[in-house]
Amino acid sequence: MYTAPHIVIPQIKDLHKIDVYEANGGYGAYRKILGMTPDAVIDEVKKSGLRGRGGACFSTGMKWSFMPKGNDKPKYLVINGDESEPGSFKDRQILEYNPHQLIEGILIAGYAMGIKSAFIYIRGEYHKWVKIMQTAVDEAYAKGYIGEKMKSVFGGDYTMEIVVHKGAGAYVCGEETAMMSSLEGDRGYPRFKPPFPANKGLWGMPTTINNVETLATVPPIISMGSHAYSQIGAVGHCGTLLYGLSGHLNKPGVYELPTDVLLTDLIYKYGGGVPGNKKVKAVIPGGSSMPPLHGDEIEGVVMNNEALKAYKTFIGTGGVMVMDEDTDIPKLLLRIVHFYHHESCGQCTPCREGCGWMEKLLKRIVKGDATTEDIDLLMSVANNIDGNTICALGEAAAWPVQGFLRKFRSEFEAKVKTNRSFIPLNVVHGRRASADTLLPA
Ligand SMILES: Cc1cc2nc3c(=O)[nH]c(=O)nc-3n(C[C@H](O)[C@H](O)[C@H](O)COP(=O)(O)O)c2cc1C
Ligand code: SF4
């Protein structure tokens with residue numbers, strides 16, 4: 001069933017139906033681990049080199065090993081299908097084309113960590129995919145692959161209950177602690193870490209949060225073995241990724257490819273090149289929060305987290321956004337920052353105020369009303385958000401600003417005046433601003 005590179009979304013017709021999934025070896029990986037101890041399963045996932053697909057690229061086996069052993073408290077698994085980052089649209093492909101592989105991954109993760117309840121949290125706007133996932137869960141319940149009937153179907157004592165939960169359309173709820181607040185019925189506010197979810201998570205209980213693609217990758221790892229999986233793709237960040245190609249491309253879409261694929265192959269071989277054969281000006285490699293690559297540096301870039309570090313960026317969610325030579329970079333950045341400003345939950349000052357200031361400064365730059373000092377001020381605001389917030393939404397807003405200013409400063413400078421020439425009206429006092437702001441045009 002699993003032929004690289006299509007292991008997360010194999011090209012099999014009607015795979016979303018449980019009978020088709022089973023006819024192609026589905027639920028075999030779960031049967032296989034029933035002959036292993038939970039620790040041996042965690043070890044296998046560790047050895048495979050699987051790293052989280054939700055953005056941070058953390059070792060999945062390591063994360064699972066942080067869960068306390070024993071069953072004296074309820075433990076929870078939360079599956080992150082919020083997928084609200086601009087440029088990211090790959091998890092919904094799994095929900096649509098291979099939902100049973102996700103369910104099987106949940107069963108394996110649950111068995112390994114001794115978890116008996118799982119919540120699949122799906123983005124509020126994903127009505128279609130919520131329905132498909134719910135149908136798959138219902139099918140699996142009917143067959144006894146989830147729930148109490150598991151005891152008679154698979155033998156043993158282990159059972160798992162799965163709930164499909166629809167979010168309400170807030171990007172911040174994709175952040176793992178905000179997701180837990182949301183699941184508990186509260187406002188989706190992120191929480192300070194530590195304590196980490198493995199110690200104090202959902203309803204104060206030990207909890208693991210994994211991305212949809214992460215868990216859907218687990219059954220093939222078990223089926224083919226950790227060694228075989230670790231040989232796919234690049235050393236240090238192995239396997240396949242669902243690359244979501246968007247922007248100025250002839251063939252945008254989701255492509256499952258090994259992690260040693262070249263960015264230029266993604267753009268020209270799979271993405272069909274840039275419309276009108278225009279030049280590439282910039283590429284965001286992993287969703288809108290990742291710093292960009294300059295068009296001049298894309299040659300030879302390998303699309304995995306380790307390789308991208310040399311370009312001061314990361315693979316994030318694998319959402320590759322391509323911008324052609326006509327792109328207005330300050331305007332593009334304004335659009336990105338507007339999103340983060342809108343989505344900030346407002347709990348911490350650097351993010352709440354800083355995102356607003358960055359948006360105001362960028363509006364000024366785009367309008368041609370800014371000075372060079374405003375560019376430096378924009379960088380300073382971004383630097384002061386970075387690392388000073390409760391959750392990483394602050395960084396998600398600051399990183400593209402820092403990255404675009406670092407690599408495309410001349411595009412911003414071209415829009416500003418060396419001295420402010422407009423004359424701001426002092427509305428409160430009904431008079432013109434003081435003499436020192438009245439600079440010659
Ligand atoms: C603002 C924000 C939004 C996020 N949105 C998502 C998301 O939609 N899906 C996701 O899997 N992870 C998202 N994350 C990352 C999660 O907090 C978490 O790291 C991830 O779900 C862990 O799964 P993994 O280890 O399998 O990657 C987001 C993080 C932040 C800070
Ligand atoms: S960084 Fe932003 S989104 Fe995250 S908790 Fe602070 S204010 Fe809320």
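In which order do the five strands form an open sheet, and what is their pairing?

Reply: The order is S8-S7-S11-S9-S10, and the pairing of this open sheet is mixed. The model is a predicted one, in which local features need pLDDT of at least 70 and side-chain atom pairs count only at pLDDT 80 or more, while totals for chains, interfaces and linings use all residues. Residues are numbered from 1 along each chain as its sequence is written, and chains are lettered from A and ligands numbered from 1 in the order in which they are written.

Strands (E, at least two residues) and helices (H or I, at least four) are DSSP runs numbered from the N terminus, and two strands pair if DSSP finds at least two bridges between them. Strand S8 (253-258) and strand S10 (293-294) each have a single partner strand and stand at the edges, so one side of each lacks a neighbour in the sheet. Within the sheet, strand S7 (residues 240-247) pairs with strand S11 (residues 319-324) in the parallel sense over four bridges; Gly-247 has Val-322 of S11 as its bridge partner. Helix H13 (residues 263-270) packs on this sheet and touches S7, S8, strand S9 (280-284) and S11, its direction making about 60° with that of S7. Contact here requires C-beta atoms, placed from the backbone, to lie within 7 Å. Axes are lines fitted to C-alpha atoms, for helices over the stretch in contact, and angles run from 0 to 180 degrees between N-to-C directions.

A further open sheet has four strands in the order S3-S2-S1-S4, with parallel pairing. Its edges are strand S3 (161-166) and strand S4 (207-211), each with a single partner strand, so one side of each is without a neighbour in the sheet. From one strand to the next, the twist averages 20°. Strand S2 (residues 117-122) and S3 run parallel and are joined by six bridges, with Glu-161 in S3 as the bridge partner of Ser-117. Helix H6 (residues 99-113) packs on the sheet, touching strand S1 (76-81), S2, S3 and S4, and its direction makes about 150° with that of S1. Helix H9 (residues 176-183) also packs there, touching S1, S2, S3 and S4, at about 110° to the direction of S1.

The ligand is surrounded by 25 residues, the closest being Gly-52, Gly-54, Gly-174, Asn-211 and Thr-214; a residue is near if its C-beta atom, placed from the backbone, lies within 6 Å. Helix H18 likewise supplies at least two residues of the shell around ligand 1.

H18 (residues 393-413) also meets helix H16 (residues 349-367): their axes come within 10 Å and cross at roughly 25°. That makes H16 roughly parallel to H18, a class for angles under 35 degrees, with over 145 roughly antiparallel, 65 to 115 roughly perpendicular and the rest oblique. Among the contact residues are Cys-351 and Met-358 of H16 and Ala-397 and Val-401 of H18.

Ligand 2 is surrounded by 14 residues, the closest being Cys-345, Cys-348, Cys-351, Thr-389 and Cys-391.

Note on methods:
Two residues are in contact if their C-beta atoms, placed from the backbone, lie within 7 Å.
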